[in-house]
Amino acid sequence: MTREDYIKQLISDKGFSVKTFAEKIEIPYSTLRSMLNGSIGGAAVDSVIKICAGLGISINDLQNCNAVKLPFETSDKEKKLIIAYRNNPEMQPAVDRLLGVEDEVMIPTVKAARSDGNNQPIEIVNLPDLSKFEPDDTDL
């Protein structure tokens, strides 16, 4: 679920139309509609704060709304473990090693855009470590 879909769902769940919600939080309807049809990520911070306040959610809730949904329910103990894991970043590498869920080694690389003016920003992306890649006949 995208952030935009999440917000639309919450607006609907609260019994508002997008227009009435925009009036309630004092944002122009056209602005809110544009944000919900485009990208909330490019919106003005004060508008996003108003939306979150109007929906009774935090910015973190909005940020995490498209987190991976597990195909099973988690117990209260599992939830406590997740919270403890997140609250103790210094312990995460040891827990990862213990459970065998260490991250892949990623190599930062540069992705350059190609356009008429080549004025697109350069984006740093991560790719898997291919230094030990050994091609075989299927790679030809």
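Trainee: How is the accessibility of Asp-5 to be classed: buried, partly exposed or exposed?

Mentor: The model is a predicted one. Buried means a relative accessible area under 20%, and exposed means over 50%. Asp-5 has a relative accessibility of 37%, so it counts as partly exposed. Asp-5 is located in helix H1.

Trainee: Which residues of H1 are buried?

Mentor: Helix H1 covers residues 3-13, and Glu-4, Tyr-6, Ile-7, Leu-10 and Ile-11 are buried in it. Viewed down the axis of H1, these buried residues lie within an arc of 160°, and therefore they line one face of the helix.

Trainee: Against which helices do the buried residues of H1 pack?

Mentor: They pack against four elements: helix H2 (18-25), helix H3 (29-37), helix H4 (45-55) and helix H5 (59-63).

Trainee: How does one describe a pair of packed helices?

Mentor: Two packed helices are described by the angle between their axes and by the distance between those axes. For H1 and H3, the angle is about 130° and the axes are 8 Å apart. That angle makes H1 oblique to H3. On the H1 side the contact is made by Glu-4, Ile-7, Lys-8 and Ile-11, and on the H3 side by Met-35, Leu-36 and Asn-37. By class, the contact of H1 with H3 has 4 nonpolar, 1 polar and 2 charged residues.

Trainee: At what angle do the axes of H2 and H3 cross?

Mentor: They cross at roughly 120°, and the axes come within 9 Å. H2 is accordingly oblique to H3. The crossing of H2 and H3 is right-handed. From H2, Val-18, Lys-19, Phe-21 and Ala-22 meet Tyr-29, Leu-32 and Leu-36 from H3. Sorted by class, the contact of H2 with H3 has 6 nonpolar residues, no polar ones and 1 charged.

Trainee: How are H2 and H4 arranged, roughly perpendicular or roughly parallel?

Mentor: The axes of H2 and H4 cross at roughly 105° and come within 10 Å. Angles of 65 to 115 degrees count as roughly perpendicular, so H2 is roughly perpendicular to H4. Phe-21, Lys-24 and Ile-25 of H2 meet Lys-50, Ile-51, Gly-54 and Leu-55 of H4. The residues of this contact divide into 4 nonpolar, 1 polar and 2 charged.

Trainee: Let us turn to H4. Is Ser-47 buried or exposed?

Mentor: Ser-47 is buried, with 13% relative accessible area. Ser-47 lies in helix H4. Setting aside residues up to four places away in sequence, Ser-47 touches Ile-27 and Met-35. Met-35 is also one of the H3 residues in the contact with H1.

Trainee: Which residues does Ile-59 contact, leaving aside neighbours within four places in sequence?

Mentor: Ile-59 is in contact with Val-48, Ile-49 and Cys-52. The C-alpha atoms of Ile-59 and Ile-49 are separated by 7.2 Å, and the two residues are 10 apart along the chain. Ile-59 belongs to helix H5, and its relative accessibility of 42% makes it partly exposed.

Trainee: How many helices and strands does the whole chain contain?

Mentor: The chain has 7 helices and 2 strands, and in sequence order these follow the pattern α-α-α-α-α-α-α-β-β. Of its 140 residues, 18% are buried. Among contacts with a separation of 6 or more, 41% join residues 24 or more positions apart.

Note on methods
Residues numbered from 1 in each chain as written. Predicted model: local features only at pLDDT ≥ 70, side-chain atom pairs only at ≥ 80, totals over all residues. Heavy atoms only, no water. Buried < 20%, exposed > 50% of the residue type's maximum accessible area, 1.4 Å probe, protein only. Arc of directions from axis to C-beta. Contact = heavy atoms within 4.5 Å. Axes fitted to C-alpha atoms, helices over the stretch in contact; angles between N-to-C directions. Parallel < 35°, antiparallel > 145°, perpendicular 65-115°, else oblique. Left-handed = near helix turned anticlockwise from the far one by under 90°. Nonpolar A, V, L, I, M, F, W, Y, C, P; charged D, E, K, R; others polar.
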